[in-house]
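Work through the exercises below with the sequence and the model side by side. Try each task before reading its solution.

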Amino acid sequence: MKSNRIRVNDSIDDQNAIISKIKEYILYKNLEPGDKLPSERELSEKFKVSRRNVREAIAKLEHYELLKSIPKTGTFIANIGQVALKGIMEGIVGLEQQDFKTLVETRLMLEAQTSFLAAQRRTEEDLVNIEAALHLYKVKMINREDALEEDLLFHLAIAKACGNSTLNALMLQITPKIISVFEKIRVCDEDGFMREVNQHEVIFNAIKDQDSQLAVSAMEEHFKMLKDFCNEIK
């Protein structure tokens, strides 16, 4: 696991170094919104790095909507001024790699809000979807099988029921990262599987009964052990 982490950090360092070089190139050439960047091949030769690393750096800047790539045409600067572009790029480079603790902290904040809103806004169709996810989760847990994905599908169904597309999108964004981390760091009490099932049922019933406060408190109780574990991480 340690060697994988080193490779991930190295990749992020490479991306950030290239982002800094792209920023410097844009400022040096005084490029404006809509101007075209050199090709991946030209940038890799100019920066003396691999085309794969250039591609990853450009993809990262596209994710933040600073660049826009058009197939068979090229990569262009988005509609943003140099001052803002410089500041955002510096901010991206300064971001720390997301770790287990920050992922969990973010998830806890999102889960509290999505459960609160889901209890207020859920439709009958939402309840059907949440209950279906709960059933799949219960079957896996009762059979003592890995129910990680079913657990996350249950929480995503709640996020969808909250009626807030931004919160839902954030949950969808961090869920794959949480799955990846949980595959490496198991935080589960195998003897307490029925407690976990019961907690899920309390959350579902609170949303069904449109009891927002209970939905939040049940969600917080559900994540208490995970929160305590994170607080122990140095």
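**Exercise 1. Find how α5 and α10 are oriented to each other, and which residues meet.**

Solution. Start with the axes. In this predicted model, those of α5 and α10 come within 8 Å and cross at roughly 150 degrees. Axes are lines fitted to C-alpha atoms, for helices over the stretch in contact, and angles run from 0 to 180 degrees between N-to-C directions. Next, apply the classes: under 35 degrees is roughly parallel, over 145 roughly antiparallel, 65 to 115 roughly perpendicular, and the rest oblique. α5 and α10 are therefore roughly antiparallel to each other.

Now the hand. The α5 and α10 crossing is right-handed. The rule: left-handed if the near helix is turned anticlockwise from the far one by less than a right angle, right-handed if clockwise.

Last, the residues. From α5 come E111, A112, S115, F116, A119 and Q120; from α10 come S212, Q213, A215, V216 and M219. By class, this contact of α5 with α10 has six nonpolar, four polar and one charged residues. Here Ala, Val, Leu, Ile, Met, Phe, Trp, Tyr, Cys and Pro count as nonpolar, Asp, Glu, Lys and Arg as charged, and the others, Gly among them, as polar. Contact means heavy atoms within 4.5 Å.

Two ground rules apply. Residues are numbered from 1 along each chain as its sequence is written, and side-chain values use heavy atoms, with hydrogens and water left out. Because the model is predicted, local features need pLDDT of at least 70 and side-chain atom pairs count only at pLDDT 80 or more, while totals for chains, interfaces and linings use all residues.

**Exercise 2. Is S115 buried or exposed, and what does S115 touch?**

Solution. Locate S115: helix α5, residues 100-121. Helices (H or I, at least four residues) and strands (E, at least two) are DSSP runs, numbered from the N terminus. Check the surface. S115 has a relative accessible area of 0%, so S115 is buried. The cut-offs are under 20% for buried, over 50% for exposed and in between for partly exposed, with a 1.4 Å probe and protein chains only. Then list the partners. Leaving aside neighbours within four places in sequence, S115 is in contact with I158, I207, A215, V216 and M219.

**Exercise 3. Describe the packing of α9 on α10.**

Solution. α9 covers residues 193-208 and α10 covers residues 212-222. They pack at about 165 degrees, with axes 8 Å apart. α9 and α10 are therefore roughly antiparallel to each other. Their crossing is left-handed. On the α9 side, the contact is made by E196, Q199, H200, V202, I203, A206 and I207; on the α10 side, by L214, A215, A218, M219, E221 and H222. The classes are eight nonpolar, three polar and two charged.

**Exercise 4. Classify the crossing of α2 and α3.**

Solution. The axes of α2 and α3 (residues 51-63) come within 9 Å and cross at roughly 110 degrees. That makes α2 roughly perpendicular to α3. The crossing of α2 and α3 is right-handed. E40, R41, L43 and S44 in α2 meet R51, V54, R55 and I58 in α3. This contact of α2 with α3 has three nonpolar, one polar and four charged residues.
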